[in-house]
Every structure is written in structure tokens, then in C-alpha cells.
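Have the viewer open while you read.

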Amino acid sequence: MDHQPAHARRRYDPGSIEPRWQQRWADDGLYRIDNDDNREARYVLSMYPYPSGPAHIGHVRNYTYGDVLVRYNTMAGYGVLSSIGFDSFGLNAENAAIKSNTHPRIFTDKRIDQLTESLRRIGAVYDDRRTVKSHDVNYIRWNQHFFLKFLEADLAYKAEAPVNWCPGCRTVLANEQVVSGRCERSGDEVERRTMSQWFYRITGYAQELLDELETLDWPDRVKIMQRNWIGRSEGVQFGLPIADAKGTARTDVDPLVVYTTRPDTGFGMTFAVMSPEHPRVEELVTDEQRPVVEAFRAEVSKRSEIERLSNTGNTDHPNGQHKSMTKRGVFTGSAVVNPFTNTAIPLYLADYVLMDYGTGAIMAVPGQDQRDWDFAEAHELDIVRTVRPPDGFDGQAYTGDGPAVNSEWLDGLTVDEAKQAATDWLVDTGLGEQRVNYRLRDWLLSRQRFWGCPIPIVYCDTCGAVPVPESDLPIVAPDDVEFRPTGESPLNYHESFLNTGCPICDGPARRETDTMDTFVDSSWHFLRFVDPWNPDQPFSSDAVEKFLPVNQYIGGVEHAILHLLYARFFTKALADLGLAPSNLREPFAKLFTQGMVRLGGSKMSKTKGNTVAPESFVDTHGADALRLAILQAKPASEDVDFEDIQLEGCERFLNRVWRLAATPTRDIDNTRSGQPAEPDNRIETATHRLIAATTEQYQRLAFNTAVAGFMEFTNGLYKYVQSADGPHGPTLRLAIDTLLQLMAPAVPHITAELWAIRHEGQHVHELSWPEADQAKLRESTVTMVIQVNGKVRHRVDVNADITDADARATALSSERVQALLGGSEPSNVIVRAPRLVNVVA
RNA sequence: GCCCGGGUGGCGGAAUGGCAGACGCGGCGGAUUCAAAAUCCGCUGUCCGAAAGGACGUGUGGGUUCGACUCCCACCCCGGGCACCA
């Protein structure tokens, strides 16, 4: 191999072969699939990208993994659905539009073209006919259709909701746009405002979303995150009667309803707390306390939720429990009656109690809850322990198990027993009922933004909020709008869009100007992919049944909660509404979360300006080298530092493969024909082993070890070609051809080119996947390790069929073992023929 | 604080309870060359040793086992998620 053989056709030149094959795949429509394709269907999907211009390295990683699987599964004989679309609505384009007073569609379309071109240049293949864009009127139309269906089914509703409001930008901000209580753009302090907003009732599916996680082949990490997010808890909801001046329960007023998961601690309830937003605050506050309470409520309303819940600047509590921020709150002047002790306890207002969880009011038990303990200390309230902490406990609230104390008829019971007894008592006496609560909140849909899917609603003075009739869809935002930096949607100024007629009474009405959260768009694009040309329906049931659920979904773990939960909810809702097959309960059967690409240890992002443009590497090293470097650098599930993606070694390797394979085997000097000998059999075995290993590695996305296997095998072939007797022609030919087939999903261009050189008129990606011959996986001789007391002392080559007895005899008779035993008999001999013998002295 | 991951050569990493460090990067040496690049071949965990060989070695400390990177217990460190959800 130390000279270029005269017959080598040409040098490896990715710059010339890559565009040619990309064109060929597009022309042949090799990765197009029709809905009546008769191969077994597979749906391999990478997450819906936001088109931010040319691909960044993170995109390349994601779409390379997807592409390898698409190509592998195609070669393995499946009819693979591979499509891509663009999550093309959103703030980014709108902000750019405001800056230059240009329509966001102009930016968006350009960026989609750029991203499409980037993906083509790295060799990723899709059924180009199935592309979907969120801002396409056809997509908007079905999005609005779903909204109307959800509304009919009471899965969509409008309600007052507190939002993050930036006074400088005069707009609502998403939680992610609020950084420590301030607007990330203007720096203004974010306020909480209550606005009328649309919601999707995802909470109606809380239990199903929780239960069916079990059926999914997803990373545990993601399932756990969703479980926590849904946050199911079991407890009791019961009433605390309002106390009169003498401290006895009033019967003329409804009790204050509280929720607890620790009914066993009821005897330790020394005060009660309601949320500042609780609707009964007005009623329950005394005149004397009213000014203080009003001031407190006003102050709280100005805080963002994030600020209110954050504990920034707090230190961890010495006893290891959660120490939260200073407990802010005020006395209402009123008291309620603790039904366990029948005594009056003070009722407070505090912002650590949230209105949208449970009943918005709690029984406070400082002895067993650190938050209540902190509040009690700050406001000098009584603390009573009702669970005895273990000896030596020097903390504050004790939340562990132990015998009940100070609790009359519960004394001595364990926490679980006491919970049961207290629950029974509350239920039997009619005070309360068992209750399951979820932390999951309904999905706030409304965005005060222009660049999104309009919500198809009109407001009529007489009829109220009226859904737009199906026949009027799609409602599309007008193009002749002015983008002004007011922070308000330009739709608010567009009179002809705004003013319309009421579909019911025909009177004057105004259109809803809010648009939908873009997570709506990414909640069903994978369904549209299966039937994107359908003009009458969002998708047909037949097409969905053929391809769904997605066999392999690939994306970043940053979507573990929002996108993946919304998409699951959407799928269930569509199925229940008869819009998708009713048995489709989950969209993504199997999920793989790939790691992020970091630069200098920090997450790469446009705002940080530390992105790397992969296009330059395609120019200098070729797409195949880039793909291979990404595959090889790290396990796919782990984060990778960009510096660890090394292209030079990969490019060198591809050159080695080129020099080996571009020379037809018959031309290699000293190639033998005739019967294969022992060294040839070893190559044959290695070839079949590589098939088995690569197949298994692709299936579990162990790309880094698959690449290592290619390199190791290639190194072996180099030695083989240069061996004294020279290579056996047919054996070498099979080895190289097999290597090319196995590498074809990973490095599609070079393998396609080499295959065409070696087999004129054939296309490697149209071949079927090689199968390992079981009989040829076994080597005839293996190296047997001989251990003495578990340490390797000697190695011998033995026949792979060696019996246990022979292996034992071979080991014991070896000089090394004899020397180490020094004449004494071994106490034990472990034989694992043919791999290992362990002699225990 | 709670819940997940993870700690292996100079670096990225590999290894169903059975040869620790595959493969790649980097380094060293050799071949080729007028020379260099490219390429090819070899070596490359640490320590002792001329070598043969030996000792040590997968975050720390224990344990199980003929045998532990792998399983168990305790702890340390790093990364991520959640964090007033009653």
C-alpha cells in the first residue's frame, strides 16, 4: 500500500462526489415512500426544527443520527417514512421583522431554504414531498380545525390567568424569557397581570399521561421528569369552620376548604394559611386588618411567579431540609377551627401558598413541615410536634416516619397508619373527602404575538366569544401589517382584520388577535407527515394506522417535558375526538435523547455567539468526514464538546478505505485465487462478526463503537493485504464489499461512490442488509487466558472446541503455572473453555 | 434539599462478572523522499528492571466472588433536572 497502484481510478475527493450523490438520491426519489408501499412500515423521526438559518452543529448531530437510522432501516428492508418539517412560527422571526419592518415570512422562508440546503449538504435524506411548515396556510387550517374541535369537546376554554407582563415591551413574556424577575430583552421588572387567556385542558389527561408512561420505551430520565411534572399526590380535602369571636365554629358561613397529604398531623395544625389570590380573602379579612392585607396583596401581585417561587439567595437549611425564602404573610384578623382539637387557630395570608394548587388554602403544621415552621417562627406561632423524631434529631420540622404524639386517638400509630385513620375520620364525619391532585396545570395557549397561528374566535357584544365557522377556515393574518416596536401584535391595529361579523347574530364583532403557542404546531406535525397531501382531512386514519406510533423518535432532552407532554396529550385528545384512530394512545413508541454539543464547556447558542458553522467543515473535509466524526466522538446520548469532534482522523480513515476499495481486488498484486487458507478464514470470520456487531450497534444507536469496528476491521485488512502470502481474492473482495455496505448508512457518499466503482451500475443503498452467517462467526482457534489466583500469568492459543478437561490439563501443565504453584496442588480450578482457566493455589 | 446521570491513560472514549485501556486523537521511533507533506509500519497506563519478568492501576473506604470498571453498602467529587405543589 506504499504506492498508488496504477489502476486506482482517482483520489478521494468528497467535494466532487458528494453533490453528485445528493443529486442522485433526490432524482431517484430513493427515500420517498408512498402510502401504499408494501414493505413493513417504519417511522424514523428527528425532532421538528426551528428554522434559524443554516444548520448549526447540534442540528447536524441530531439529523445525522436520524439519517443513519433511516438508511439502515431502508437497507434492512423496511419501508421507512422519513420526513422533515419546520417549526416556523415564533418570536425569533417576529423580532427580526420588527427590527427591519419586514414581514417575518420573508425571513422564515429564507431560513427554511438555508436549513434545507444545510441538511442536503450533510447527506440527510427525506421524502421531500412530505415537508410541512407551521406557517403554511394548509397547516394553519388544520390547527384551527383542531382548536374548534377541542372547544366543542370542552378541551379548550377561556379563563382569567396571571401572566408575566413586561411594561417596557408592553407584552406578555414566556417564562423562559424572564430572567430573575426581569425581561431578558428590556431589563424591565416583570409584573404579574391577570388576563383572559385560552387554555387546552391537558389536566383532564393527567392520570392517563402518567399511567401510559409505563408503556413507552423512553429513557427513564425523561419518564421521571414527566412523572414529576405531572406530580400526582393523594390526600384529603376538608373544611375548617370559620370561628366566631368566642372561637367556636360558625354554621352560617361555609368552612374554608384546605388540602393536605398529611391528615395524620391534624393535631399539630396551629394556624391556617390562604393564598393572597384566594377568592374568600375579601370576605374573611377583618376591617381592622384590611389595610395591611390589601397592601400585602398589592405587593404580591407585582411579583412575577418566578420571583415569588424562587429562593435565590437562600441558603440550605442546617438540618438538610428545604429552607425557603423569608416567609412573607399577614394576619387576616380571623380564625378558623381545627376540627381535630376543636380550638380556634389564626388564619393568615401568605404568598408561599399558591392559588392554583389544591384549594389555595392549607392547614399549617409547623412541626412536620419546614415551610410552615419557617412561617411560624417568623410570625411567632405555636409549634406542636405530632410525629416523634428519632433520638438525636436536632432539626426543625420532622418529615420522616415515627410514632404519632400529642394526637389523642392517633398516638402511637406510624405515619401511614395515622394517615389512614385520620382520613377515615375526616371522611366518616363528613368533613372531607379523599382527593388526588396534580401539579400539572392546563396549557396556556394564548400568545400576544403576530407570527403564530391565529386563534379562530370572534368576540361579539351580544353573543360573546364565538368560534369561527369551519367553512371560514383558515383564518390567516393579513400581510399588509406594520411591524412597530410597540411590543403589541400589529393585528391590533389592522382594522379590516379586526372587524368582522358575528357568525351567530351577524352583528359587529372583533377577531381574536392572540395566536397559539408554537408548541401546538409541534404537537401534531408527525401526524400530518403521514398524509401531507390530504386536502379534506388533517390526515387519514389509514395513513396514521400504517405509520404511527413513531418507531424511533430522536431529539434533545431539553424537550423532555413540554413538547413531549403536549404531543402526547394532543395524540390522546385527537384519538378521543375521533380525529385519529381511537387506539392510538401514544405518538412516540421509542425515544432517543441525544446529547448537546457544547463549545468550551458551555451550551452553544446563537445569543452567546459561540456557534460553529458546520458548512465550513463540509467544504474542507466533506460531509462524510463530518458525519463520521460526530458518530465517533461520543456515545450519542452524551453531551459532547465541539473540540472533541475530530475530523482529521476520520478523514484519514476514509482515505484509507478509499485506497483499499477504489482498487478493484483483482488488481492488487499477489492476490491469490484457489482454496482459502487459515489466515483467509480469519478474515472471513472477522467479516461476519463485523456484520453481527454493526447490525446490533446501529439498532442500539451505539454509533461510536460501530465506527471503531469499521476502523479496526480496516486496519486488519491492511495487514492482510500486506501479509507474506498475499490476500485471497474472493475473501478480500467479500470483506471490502461488506465493509462498504455496513458503512453505507453512516458515510453514504463515499460508500455509494466506491460501490459504483467496484460494481458498475449498482447502488449500495438499494442493496439489502448483509446477514451474518452464524456458522462463520466462530473462530477456529482462540487465545486462552490462564490465571493463577485471578491474575493473568499465561496465554496459549487453543482450538476453539477444546474440552473443559483439555483446557484444565493444558493450564496445569504449563511451565508458568507449575513454577507459580511450586509443586503444591491447586485448591481449585475454574474452567471456562475455551476462553479462560483460573488456577486457585 | 430531593431525583437522575457520571467519575477509567496526556485527551475523547471501549469493555453481558472472565485478558482493563478496543478505536480515535496526541506523542515517540522507523520506512519512503534530495527534502518535506502525504502515506505505510511499529511502540505508547504508572513504577522497578538491561531483559525476562514483577508490582501497582478504573473517584475513596469496605463487602460479595475462584475472579469486580461491572454486583452490594457507605462516602467524596462533577454534570443535569426539579425546587415553597401542602
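At what angle do helix α19 and helix α22 pack, and how far apart are their axes? In this predicted model, α19 (residues 623-633) and α22 (residues 703-721) pack at an angle of about 115°, with their axes 6 Å apart. Here axes are lines fitted to C-alpha atoms, for helices over the stretch in contact, and angles run from 0 to 180 degrees between N-to-C directions. Helices are DSSP runs of H or I with at least four residues, strands are E runs of at least two, and both are numbered from the N terminus.

**Ground rules**

Residues are numbered from 1 along each chain as its sequence is written, and chains are lettered from A and ligands numbered from 1 in the order in which they are written. Because this is a predicted model, local features need pLDDT of at least 70 and side-chain atom pairs count only at pLDDT 80 or more, while totals for chains, interfaces and linings use all residues; side-chain values use heavy atoms, with hydrogens and water left out.

The model scores ipTM 0.94 and pTM 0.89. Chain A has a mean pLDDT of 87, and 90% of its residues reach 70 or more; pLDDT is the predictor's confidence in each residue, from 0 to 100. Within chain A, confidence is highest in helix α15 (residues 525-528), at 97, and lowest in strand β27 (residues 602-603), at a mean of 51. Residues 1-8 stay under 50, and the model has 10 contacts for them beyond four places in sequence. Residues 310-324 are also below 50, with 26 contacts beyond near neighbours in sequence. A contact means heavy atoms within 4.5 Å.

**Helices around α22**

Back to α19 and α22: they are roughly perpendicular to each other, a label for angles of 65 to 115 degrees; under 35 is roughly parallel, over 145 roughly antiparallel, and the rest oblique. On the α19 side, the contact is made by L628, L631 and Q632, and α22 brings F703, N704, V707 and M711. By class that's five nonpolar, two polar and no charged residues. For the classes, Ala, Val, Leu, Ile, Met, Phe, Trp, Tyr, Cys and Pro count as nonpolar, Asp, Glu, Lys and Arg as charged, and the others, Gly among them, as polar.

Helix α21 (residues 678-699) packs on α22 too, at about 165° with the axes 9 Å apart, so α21 and α22 are roughly antiparallel to each other. The contact includes I683, A686 and L690 of α21, and F710, F713 and L717 of α22. Its classes come out at 11 nonpolar, six polar and one charged residues.

**Sheets**

One open sheet has four strands in the order β2-β1-β24-β25, with parallel pairing. Strands count as paired if DSSP finds at least two bridges between them. β2 (79-81) and β25 (591-594) stand at the edges with a single partner strand each, so one side of each is left without a neighbour in the sheet. Neighbouring strands are turned by 20° against each other on average, direction ignored. Helix α2 (residues 57-75) packs on this sheet, touching β1, β2, β24 (552-556) and β25, and its direction makes about 170° with that of β1.

Another open four-stranded sheet runs β20-β19-β22-β21, with antiparallel pairing. Its edge strands are β20 (464-467) and β21 (499-501), and its neighbouring strands are turned by 40° against each other on average, direction ignored.

Here are some of the strand pairs:

| Pair | Sense | Bridges |
|---|---|---|
| β1 (residues 41-46) and β2 | parallel | three |
| β5 (residues 156-166) and β9 (residues 191-200) | antiparallel | 10 |
| β9 and β17 (residues 443-444) | antiparallel | two |
| β19 (residues 457-460) and β22 (residues 508-511) | antiparallel | three |

For landmarks, R42 stands opposite V80 in β2, A156 opposite Y200 in β9, F199 opposite L444 in β17, and Y459 opposite R510 in β22.

Most residues other than glycine have a negative phi, and most peptide bonds are trans. L473 and P474 are joined by a cis peptide bond, with omega about -5°; P474 lies in the loop between β20 and α13 (495-498). The bond from A833 to P834 is cis as well, with omega near 0°. N406 has a positive phi of about 55°, and phi of N789 is near 55°. N789 is found in the loop between β29 (781-788) and β30 (791-799).
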